[in-house]
Amino acid sequence: MSKNYAALARSVVTALGGVDNITAVTHCMTRLRFVIKDDSQVDSATLKTLSGVLGVVRSDNQCQVIIGNTVSQAYREVVSLLPANMQPAEPQTKPRLTLKRIGAGILDALIGTMSPLIPAIIGGSMLKLLAMILEMTGVLEKGSSTLTILTVIGDGAFFFLPLMVAASAAIKFKTNMSLAIAIAGVLVHPSFIDLMAKAAQGEHVEFALIPVTAVKYTYTVIPALVMTWCLSYIERWVDSITPAVTKNFLKPMLIVLIAAPLAIVIIGPIGIWIGSAISALVYTIHGYLGWLSVAIMGALWPLLVMTGMHRVFTPTIIQTIAETGKEGMVMPSEIGANLSLGGSSLAVAWKTKNPELRQTALAAAASAIMAGISEPALYGVAIRLKRPLIASLISGFICGAVAGMAGLASHSMAAPGLFTSVQFFDPANPMTIVWVFGVMALAVVLSFVLTLILGFEDIPVEDAAAQARKNQAAQPGNINGASI
């Protein structure tokens, strides 16, 4: 059944307080992400009852509306309702700075920057995986130009990741994108890479008598992200001190002259240390707990997705795969987590007497099992009915333990599902593909059985029909008095 995305967009915007209460909107793979002016004007209760909305996540002035795999269609309709020159309103008073607000701000910056880059990263990693398979099967000879070009195409998104991060972060921090890209480009310039290689071998490298730390910036996220955040402040300060008559040439020159050396000498190394510290913490825990850490992550993953905190691991996964060629903690845990949600949804579709819920559950199960996109199953079925979520968490823990014991590791960061199962195949150990399919089968069957055992409170057909009529009657024909 096709959805009326224009009507859905109007309803969502109205529930958020109208176009005047929205300062920015973007989307990731399943969510519309709104920045709101006045949080008190958001009607979360109405948002959650809208047909086509799977769930709502709130955090300060952020509101995430979960739509599912067709989020891009809803996004286009939402954008058509908003003014093209929409600018965020300055808050009347600055909110009090607390540790919670600082943490929320860091998480928002990381998610807001990385979410638009996920398609390019997944596309590149899957192409690198394809090149590896073609070489392993003998379709392409090692060293052939076709194989080299295919590998370079797949590696482009990773090698130039600092530039992509700078561009995305420039939008997030509302600073000049071309300047952000130009400064990030310094970090991956061939001459600078050669200079850093010499510094790593012990050669003394300095800039204006200041020693430069030997750092490799390709495949990194945090340095470019921190650099662009600092650039947003540098740009405003330089703009305030340069005379109007000289802004065209003096302002950009001063910005680059200040920001680029600052990135090379201070911000870049600090960013690398932060990223390395996060990775070290995650994989130190993995080193101590072994398979148990994968099991725990498998149980926690749906809860992390609920809060949006799963994106915190994106830089760590990227850097680990770039440095070692594989990642063996977070990605293997997702196998059981994603497919367990799919199995629970299948059980709901099997047992429910509600045709609409059955249709939702079947579509969610297919998305989670085949493509590894679990949010439709999480919000459309598991959270809605509660007990299927418990079954998924139990199954995710057990399947994570099995994946950890088998030593599974991913060579890509595509969401684990049947279509992307090849990313766990290790050419040196052909049994890995057997283990992957075994864990996937176990996740679907175990969560299916557990859901049937635990049961769930079915949604009566009468209630569903009444809710559908209520939603249809609530569909607005205007926004803030303006005819649509």
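Colleague: Which residues have the most contacts inside the largest nonpolar core, and what makes that set a nonpolar core?

Modeller: The model is a predicted one. Its largest nonpolar core has 65 residues, and those with the most contacts inside it are M114, I121, V165, W301, F313, I318 and M413. Helix α14 gives the most to this core, with eight residues. The set is called a nonpolar core because its members are buried residues of nonpolar kinds, joined through side-chain atoms within 4.5 Å. Apart from it lies another core, of 25 residues, with Y5, L16, V56 and C63 among them.

Colleague: Which residues is M114 in contact with, once its neighbours within four places in sequence are left aside?

Modeller: With those neighbours left aside, M114 is in contact with I121, V165, V221, T314 and I318. Each of these counts as a contact because heavy atoms lie within 4.5 Å.

Colleague: Which feature does UniProt place at C28?

Modeller: The unreviewed UniProt entry places the feature "active site" there. Such an annotation may be inferred rather than shown by experiment.

Colleague: What class does F160 fall into, by its relative accessible area?

Modeller: The relative accessible area of F160 is 41%. That value lies between the limits of 20% and 50%, so F160 is called partly exposed. Its place is in the loop between α6 (145-159) and α7 (161-173). The C-alpha atoms of F160 and Y219 are separated by 6.9 Å, although these residues are 59 residues apart along the chain.

Colleague: How do you know that the reach of α15 is close to the expected value?

Modeller: Helix α15 (residues 355-371) has 17 residues and reaches 24 Å from its first C-alpha to its last. The expected span is 1.5 Å times one less than the number of residues; for α15 this gives 24 Å, and the reach is close to that value.

Colleague: Which residues of α15 are buried, and what covers them?

Modeller: The buried residues of α15 are L357, A361, A364, A365, S367, A368 and I369. Their cover includes α14 (330-351), α16 (375-385) and α18 (431-454). After α15 comes G372, whose phi is positive, near 80 degrees.

Colleague: What makes the approach of N354 to E356 a polar contact?

Modeller: A side-chain oxygen of N354 reaches to within 2.9 Å of the backbone nitrogen of E356, at the start of α15. N354 is in the loop between α14 and α15. Its relative accessible area is 3%, under the 20% limit, so N354 is called buried.

Colleague: How much of residues 254-282 and of residues 389-413 is helix?

Modeller: UniProt lists both spans under "transmembrane region", in an unreviewed entry. Residues 254-282 are 100% helix and 0% strand, with end C-alpha atoms 39 Å apart. Residues 389-413 are 68% helix and 0% strand, and their end C-alpha atoms are 24 Å apart.

Conventions:
Residues are numbered from 1 along each chain as its sequence is written. This is a predicted model: local features need pLDDT of at least 70, side-chain atom pairs count only at pLDDT 80 or more; totals for chains, interfaces and linings use all residues. Side-chain values use heavy atoms; hydrogens and water are left out. Helices (H or I, at least four residues) and strands (E, at least two) are DSSP runs, numbered from the N terminus. Buried means under 20% relative accessible area, exposed over 50%, partly exposed in between (1.4 Å probe, protein chains only). A polar contact is a pair of N or O atoms within 3.5 Å; within protein, one must be able to donate a hydrogen and the other to accept it, and residues adjacent in sequence count only if both atoms are side-chain atoms.
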